[in-house]
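Trainee: Hi! Could we go through this one together, pockets to begin with and then the interface?

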Amino acid sequence: MGAVTDDEVIRKRLLIDGDGAGDDRRINVLLKSFTKWCNSPGTPDEGFTQYQRMMGILAQCEFSMGKTLMVYDMNLREMENYEKIYTNIEQNITSAHDKIAECKKEIQRAKRIRKNRQEYDALAKVIQQHPDRHETLKQLEALDKELQQLSHIKENVDAKLELRKKQFHVLLSTIQELQQTLENDEKSDNDENIQGSPAQNGE
Amino acid sequence: MGPVELLHMSVFSQSFSPCGRFLAAGNNYGEIAVFSLSAALSPDATAQSQKPVLTFSAHEGPVFSLLSNDCHLLSAGSGEVSCWSWAELIKKNTKPLWTKRPNYKSSLEIPEINSMTFNSRDNSLVLAGGDNNVHILDLERGLFKSVLQGHSDYVHCVSVRGREGEILSGGEDGAVRMWDSRTGQCVHCIEVHKYESCARPQFGKWISCVTTDSDWMLCGGGPSLSLWHLRSLSPTSIFPLIGCQRQTSFYQDMILAVGDGPAVSHCLLGGEVKAQIPCSPQSLNTLQLNTNSTDYRVLTVGGSSDHIDVFTNLSYRTFSFSF
């Protein structure tokens, strides 16, 4: 315990003495010159100059004390300032953290959207390879019309065919009937001739 | 693990823990290593924090697929699925909770399980098998409830369309098949290599990665990586990436793809490649995003090296875990 406090004391004294380029020494010199002045026999003039000198040293001491007080005030104010800046920066850090989290969410959203867009693009590419629906419909209509025309023509041809068939049928059946009639006539002629000759022979 | 083994190591699969603080990675020697993300990303991380906190041997063959749900880590290797508890793994207890094997027709050769995914609709696990089938394991009862047959060569990858309850599977035969999860029928079959715009005959017709977000599907492998619109079953964008892509995923408005070539490709849905971020392995097999934790949102990639690159910002590699 004793060693620690000794160290502290030594450190404090060194600190204080190191400050102000020998303020402590000045006070000692002042004390010594004061006692010398009180006990000096010399002339009043000398005494007066000695007195002036001592006042000067005292003023110097007071001046350095004032300076130290001001420095102390300044340090206190600087500390306050730094505290303020510190809290400010901490707030900025937390708000930056929040912004980062927000941005990360945004990125996720944007990535999903990009993925969807790319999927659409990929499907669109495939769809583009297939022909347009309007064109195909038009082609289908044209084909339908052609089909209709062709079936119309087929019907006409069929009807004509039927008509010709019937006409030929009429013609052929008339020819056949005529043939039949001619054959019948021939036959009846022959029969008459045969009947006629036996009748002649029988007389 | 000698230096020669480290040189020949490939990381095939990764999975983040449900709390988001640990990463499990499986390699071709059948080991699973658990890395601590929280230690590696903390301000006082050392070189030691980039080493695993736990390494154990999980399967006899390579660990092709790792998957995590709320409290379990599922790993699939050559022919079997094992389940581990994350809580136990964090306490360094490496006893599996269960190990199951799908019913394989032939008992001579054991086909491997290439990929797994959860079907949350009916709490089941979908396995892509090397026996050309997709097996479905009911997690509630622990039994294999159905087998989806239709592929003519082994199935590389599976993915689930949450909204419609469909399972998509991509295989070596170049077909992406869509199955209805309730009836087990194949609803659609897309032969990607038959579309001229996607096909790359110089690489083949195999499909090594399929991923979907219900309306769109990404698939790639031998043919170029392409974005498909599932309603119309038509390819909308082809990505001009050199090399075959082994894993892709949708991330916000971008597509991330890894495959041949020492870079992670960032692409836009329109078909342009926005950026290619270099990484340390020469070719990459697996890509995972940590969506389970807001503090450690990282992207990790692993491939044909014993290093797993970690990206805290998608634009550059931050550091690497090593086995």
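This is a predicted model: local features need pLDDT of at least 70, side-chain atom pairs count only at pLDDT 80 or more; totals for chains, interfaces and linings use all residues.

Trainee: Great. What volume does the largest pocket have?

Mentor: The largest pocket comes out at about 1,600 Å³.

Trainee: And how many residues line the largest pocket?

Mentor: The lining has 45 residues. Nearest the centre are L67(B), M116(B), T117(B), Q247(B) and Q288(B).

Trainee: Which strands of chain B each supply at least two residues of that lining?

Mentor: Those are β1 (11-16), β5 (65-68), β9 (113-119), β13 (155-161), β17 (207-212), β21 (245-251) and β25 (284-289).

Trainee: Which element gives the most to it?

Mentor: That's β21(B), with 6 residues.

Trainee: How do the lining residues divide into nonpolar, polar and charged?

Mentor: You get 24 polar residues, 18 nonpolar and 3 charged.

Trainee: OK, on to the second largest pocket. How much space lies in it?

Mentor: About 370 Å³. It is lined by 17 residues, and Q108(A), Y251(B), Q252(B), R297(B) and T312(B) are the closest to its centre.

Trainee: Which helix gives the most to the lining of that second pocket?

Mentor: Helix α3 of chain A, residues 44-129, which supplies 4 residues. The lining as a whole divides into 7 nonpolar, 6 polar and 4 charged residues.

Trainee: Changing topic: how many residues are in contact between chain A and chain B?

Mentor: On chain A there are 10, and they touch 14 on chain B.

Trainee: How much area do the two chains bury between them?

Mentor: About 1,200 Å², with 52% of it on carbon and sulfur atoms. That kind of number is handy because the size of an interface is often given as the accessible area lost when the parts come together.

Trainee: How many salt bridges are there between chain A and chain B?

Mentor: The count is 2. There is a salt bridge between the side chains of R114(A) and D253(B), at 2.6 Å from N to O. The interface also has 7 residue pairs in polar contact. On the side of chain A that touches chain B, the residues are 5 charged, 3 nonpolar and 2 polar.

Trainee: And what does the salt-bridge count come to over all chains?

Mentor: It comes to 14. Among them is E106(A) with R109(A), whose side chains meet at 3.9 Å, N to O.

Trainee: Where do E106(A) and R109(A) lie?

Mentor: Both are in helix α3 of chain A, 3 residues apart, which is about one turn of the helix.

Conventions:
Residues are numbered from 1 along each chain as its sequence is written. Chains are lettered from A and ligands numbered from 1 in the order in which they are written. Side-chain values use heavy atoms; hydrogens and water are left out. On a 1 Å grid over the protein atoms alone, a cavity is a set of points where a 1.4 Å probe fits but cannot get out, and a pocket is an open set with protein on both sides within 12 Å along at least five of seven lines; lining residues have an atom within 4 Å of a point. Grid points are joined across faces, edges and corners, and a volume is the space filled by probe spheres set on the points. Ala, Val, Leu, Ile, Met, Phe, Trp, Tyr, Cys and Pro count as nonpolar, Asp, Glu, Lys and Arg as charged, and the others, Gly among them, as polar. Contact means heavy atoms within 4.5 Å. Buried area is the accessible area (1.4 Å probe) that two parts lose on being put together, summed over both. A salt bridge is a side-chain nitrogen of Lys or Arg within 4 Å of a carboxyl oxygen of Asp or Glu. A polar contact is a pair of N or O atoms within 3.5 Å; within protein, one must be able to donate a hydrogen and the other to accept it, and residues adjacent in sequence count only if both atoms are side-chain atoms.
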